[in-house]
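Hi everyone, thanks for making time. Let me put the model up on the screen, and then we can walk through a few contacts together.

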Amino acid sequence: MVFDNSLYVDDVNYAVDSASMNLDGKSFLISGASGLIGSFLVDVLMTKGAKVLALGRNIESAKKRFSSYLDDERFTFSVHDINKPLTVSGSFDYVIHLASNTHPIAYSSDPVGTITANIIGLNNMLDFAHRNGTERFVFASSVEIYGVNRGDTEYFSEDYCGEIDISKARSGYCEAKRCGETLCQSYIQQYGLDVVIPRFSRTYGPTMKLDDSKAISQFIRKAVERQDIVLKSEGNQLYSYSYVADAVTALMKILADAETGQAYNIADPESDATLKELAGIAAGYAGRKVVFDLPDEKERRGYSAAVKAVLDSSKLKSLGWTPRYDIKSGMTRTLDILTTSL
């Protein structure tokens, strides 16, 4: 399995060693715990001696994913729809809201669920944290909040605000993340809750789900299967990416050292790449070629309209965060783990 792979274990240990906080005995409540970022984070927290209550919607997949923790008294998995108020008992030192649809097909097929997880679900998590004396709350935001580049900047800094077409259902993800950030600021102002906001770039890694419809995830899946890499455009879109281990070390740095109310871009210039470059890396690894295929209407509705979305990460790096992987080494690492584990 992926999670027993020596390379994956090395990544977890790297993230554990990078985290400056002493988490022994600290308690965490995490929504979206079975996802790409959440599941890696759980591995890091459990390795560091923390207590974890993981929330998710699918008990069977959770049992498979977290099988090594099911007999550990420090770990609990609870099936919960985040759009309903939390009924769990007790208090938690840290609450982390990661639950959300995060890929194009989900944006298209479940636009309402995409919005509600980032507004109603977030409000339920914030309310729980406020009522139970949580030390710090983390809301996972996204590069998508910047919208489309207006052509007036090269890199998105945390105060940039681009254009979003609110007439498109696809914009629900972007607008919900924006509204979610404002809701966090409101809890800070009205209730004094300590909230920090990591803004994730497009994240990838061996904890991805194989049915994830993001372009980079599809490239990785095709490469693992030794198939041609299918590119649904000319591939000139330029985005920032983060390998999951680096994304989680950034989250941990923000949890430990960020200023209350501040948002931080998680990115690195060495991981900025076009879709064509990503497809080329995957094809080269698999010994296959890149082929072009136009998306169908359902796929197209879920795609981002942004053709250039690269992040300025200087604010995060000022806290002392440095990534381990560039895009080539991160893609190769992911493929090495998956091809030797699946």
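Asp228 has a relative accessibility of 18% in this predicted model, and since the cut-off for buried is under 20%, Asp228 counts as buried. Its side chain meets that of Lys289 in a salt bridge, 2.9 Å from N to O. The two sit 61 residues apart: Asp228 is in the loop between helix H7 and strand E9, and Lys289 in the loop between helix H9 and strand E13.

Now, which side chain does Lys317 meet in a salt bridge? Asp268, at 2.5 Å, N to O. Lys317 belongs to helix H11 and Asp268 to the loop between strands E11 and E12, so this pair ties together parts 49 residues apart in sequence. Lys317 is partly exposed at 30%, while Asp268 is buried at 10%.

Keep Asp268 in view, please, as we turn to the cavity. Asp268 is among its lining residues, along with Trp321, Pro323 and Tyr325. Strand E10 gives the most to that lining, with 3 residues. By type, the lining has 5 nonpolar, 2 polar and 2 charged residues.

Back to salt bridges: there are 22 in the count. One of them joins Glu144 and Arg202 at 3.8 Å, N to O. Glu144 lies in the loop between strand E6 and helix H6, and Arg202 in strand E8, so parts 58 residues apart are tied together. Both residues are buried. Finally, Asp10, Asp11, Arg324 and Arg333 are linked in a network of salt bridges.

Note on methods: Residues numbered from 1 in each chain as written. Predicted model: local features only at pLDDT ≥ 70, side-chain atom pairs only at ≥ 80, totals over all residues. Heavy atoms only, no water. 1 Å grid on protein atoms, 1.4 Å probe; cavity = no way out; pocket = protein on both sides within 12 Å on 5 of 7 lines; lining within 4 Å. Helix = DSSP H or I, 4+ residues; strand = E, 2+ residues; numbered from the N terminus. Nonpolar A, V, L, I, M, F, W, Y, C, P; charged D, E, K, R; others polar. Salt bridge = Lys/Arg side-chain N within 4 Å of Asp/Glu carboxyl O. Buried < 20%, exposed > 50% of the residue type's maximum accessible area, 1.4 Å probe, protein only.
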